[in-house]
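Please keep the sequence at hand while reading.

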Amino acid sequence: RTPIHDMVKGRRVLITGAGGSIGSEISRQLLSYQPSQLLLLDIDETELHDLSLRLHQFQAEFSDDIMPIVCDVRNGVKVDRVFKKYRPEIVFHAAAYKHVPMMEYYPEEAIRTNIGGTYNVFSAAIRHDAARCILISTDKAVNPTNVMGATKRVAEMVASMCNNSKTEIVCVRFGNVLGSRGSMLPLFLEQMRAGLPITVTDKRIIRYFMTIPEAVSLVFLAGAM
């Protein structure tokens with residue numbers, strides 16, 4: 001038995017941003033640790049439906065054991081209603097806007113989702129007695145040079161502010177995840193296939209990569225510590 005198994009087995013677990021590349025892998029791996037209920041929350045109903053169908057091995061769309069929930073984390077009233085109804089004990093908060101250039105154009109969206117959404121989730125978790133929350137953060141929160149990184153740094157500060165003896169909140173940062181939605185490597189391959197030059201913004205740049213399963217292992221390790 002692993003620490004994550006001890007943490008999850010027999011408990012109600014909520015994953016926000018469950019339809020995303022990291023959220024869906026967290027959901028898939030968590031299933032093997034036998035939670036009493038897996039709550040999949042996302043604003044993207046197509047990805048959510050697809051994930052739920054696969055987790056049910058195409059035998060059902062939802063069940064009491066695996067429940068997809070269409071919800072925007074920016075909607076504090078709805079988030080609170082979800083927590084009140086399902087009372088999750090463990091929360092993995094992966095819902096966020098993450099594309100750096102896009103968020104430079106629309107900083108208000110990054111603020112509402114990454115900061116406001118995080119506050120909605122963690123404050124509801126505290127009100128409804130969740131035992132532990134794990135915030136999925138980013139290396140771009142370190143001395144942030146862009147809007148996305150700055151909003152994730154503030155999200156970490158929100159987590160720190162909300163952390164208490166009853167509801168423990170931890171943050172885990174990782175860098176570029178190969179194969180995640182918006183990952184640069186598939187973009188490079190597409191550019192090469194099309195005979196286009198590869199986009200290099202600065203020749204001095206150093207990138208650190210991990211795979212999706214590695215990223216999820218890091219999340220579990222942080223959550224179980």
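Is Leu189 buried, partly exposed or exposed? In this predicted model, Leu189 has a relative accessible area of 42% and is therefore partly exposed, since that class lies between the limit of under 20% for buried residues and that of over 50% for exposed ones.

**Nonpolar surface**
- Leu189 sits in helix α8, which covers residues 184-193.

- In soluble globular proteins, nonpolar side chains tend to be buried together.
- The largest nonpolar core here holds 32 residues, and the members that touch the most others are Ile26, Leu30 and Phe92.
- Helix α9, residues 212-224, is the element that gives the most to this core, contributing 6 residues.
- Once neighbours within four places in sequence are set aside, the contacts of Ile26 are Ile15, Phe92, Ile136, Val216, Val219 and Phe220.
- Another core lies apart from that one and has 26 residues, including Tyr86, Ala124, Ala155 and Val158.

**A buried histidine in a loop**
- His128 belongs to the loop that runs between α6 (107-127) and β5 (132-138).
- Although placed in a loop, His128 counts as buried because its relative accessibility is 11%, and buried means under 20%.
- With neighbours within four places in sequence again left aside, His128 is in contact with Asp80, Phe83, Lys84 and Arg87.

Terms used:
Residues numbered from 1 in each chain as written. Predicted model: local features only at pLDDT ≥ 70, side-chain atom pairs only at ≥ 80, totals over all residues. Heavy atoms only, no water. Helix = DSSP H or I, 4+ residues; strand = E, 2+ residues; numbered from the N terminus. Buried < 20%, exposed > 50% of the residue type's maximum accessible area, 1.4 Å probe, protein only. Core = buried A, V, L, I, M, F, W, Y, C linked by side-chain atoms within 4.5 Å. Contact = heavy atoms within 4.5 Å.
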